[in-house]
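Q: Hi! Could we go through this model together, a few spots at a time?
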Amino acid sequence: QVQLVESGGGLVQAGGSLRLSCTTSRRTFSSYAIGWFRQAPGKERESVAVIGWDTGTTSYADSVKGRFTISRDNAKNTVYLQMNSLKYEDTAVYYCAARLIWTREYAYWGRGTQVTVSS
């Protein structure tokens, strides 16, 4: 069982920045891909960014490219999502999730952290 805990959400003005963190109960995220997802009220959940823990390979949704950066800290077993130039439409509950790299489905999810961007 993998437990994930998100933190760092909050209220920020448009144009501002936040950094989200995702920590795990496991000793390491090795062999996992960690993704950040978000879900706004009345909308479907969407993938925001993904990072392969072992390789550091990243990918981003088009809507956040150039503004968000996903990264990892091996020593802290933590994945970060640095969010800059935030827009009102970035308002959502943000979740981190983990999947083994040879699977397609994210099996483990955190409870989420609210990000609210005021216009």
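Predicted model: local features only at pLDDT ≥ 70, side-chain atom pairs only at ≥ 80, totals over all residues.

Q: Great, let's start with T24. Where is T24 placed?
A: T24 belongs to strand β3, which covers residues 18–24.

Q: Is T24 buried or exposed, and why?
A: T24 counts as buried because its relative accessibility is 14%, and the cut-off for buried is under 20%.

Q: What does the T24 side chain reach?
A: The backbone oxygen of Q3 is 3.4 Å from the side chain of T24. A polar atom of the T24 side chain also lies 3.0 Å from the backbone nitrogen of R26.

Q: And which residues is T24 in contact with, leaving aside neighbours within four places in sequence?
A: Those are V2, Q3, L4, F29 and N77.

Q: Oh, N77! Where is N77 found?
A: N77 sits in the loop between β7 (68–73) and β8 (78–83). N77 counts as buried, at 13% relative accessibility. N77 has a positive phi of about 50 degrees, although it is not a glycine. Most residues other than glycine have a negative phi.

Q: What about S85 and its phi?
A: S85 is not a glycine, yet its phi is positive, at about 50 degrees. S85 is in the loop between β8 and β9 (92–100), and S85 counts as partly exposed at 42% relative accessibility.

Q: Changing topic: how much space lies in the largest pocket?
A: About 160 Å³.

Q: Which residues line the largest pocket?
A: The lining is R38, Q39, A40, K43, E44, E46, Y88, E89, T91 and A92. By class, that lining has five charged, three nonpolar and two polar residues.

Key
Residues numbered from 1 in each chain as written. Heavy atoms only, no water. 1 Å grid on protein atoms, 1.4 Å probe; cavity = no way out; pocket = protein on both sides within 12 Å on 5 of 7 lines; lining within 4 Å. Points joined across faces, edges and corners; volume = space filled by probe spheres on them. Nonpolar A, V, L, I, M, F, W, Y, C, P; charged D, E, K, R; others polar. Helix = DSSP H or I, 4+ residues; strand = E, 2+ residues; numbered from the N terminus. Buried < 20%, exposed > 50% of the residue type's maximum accessible area, 1.4 Å probe, protein only. Polar contact = N/O pair within 3.5 Å; in protein donor to acceptor, adjacent residues only side chain to side chain. Contact = heavy atoms within 4.5 Å.
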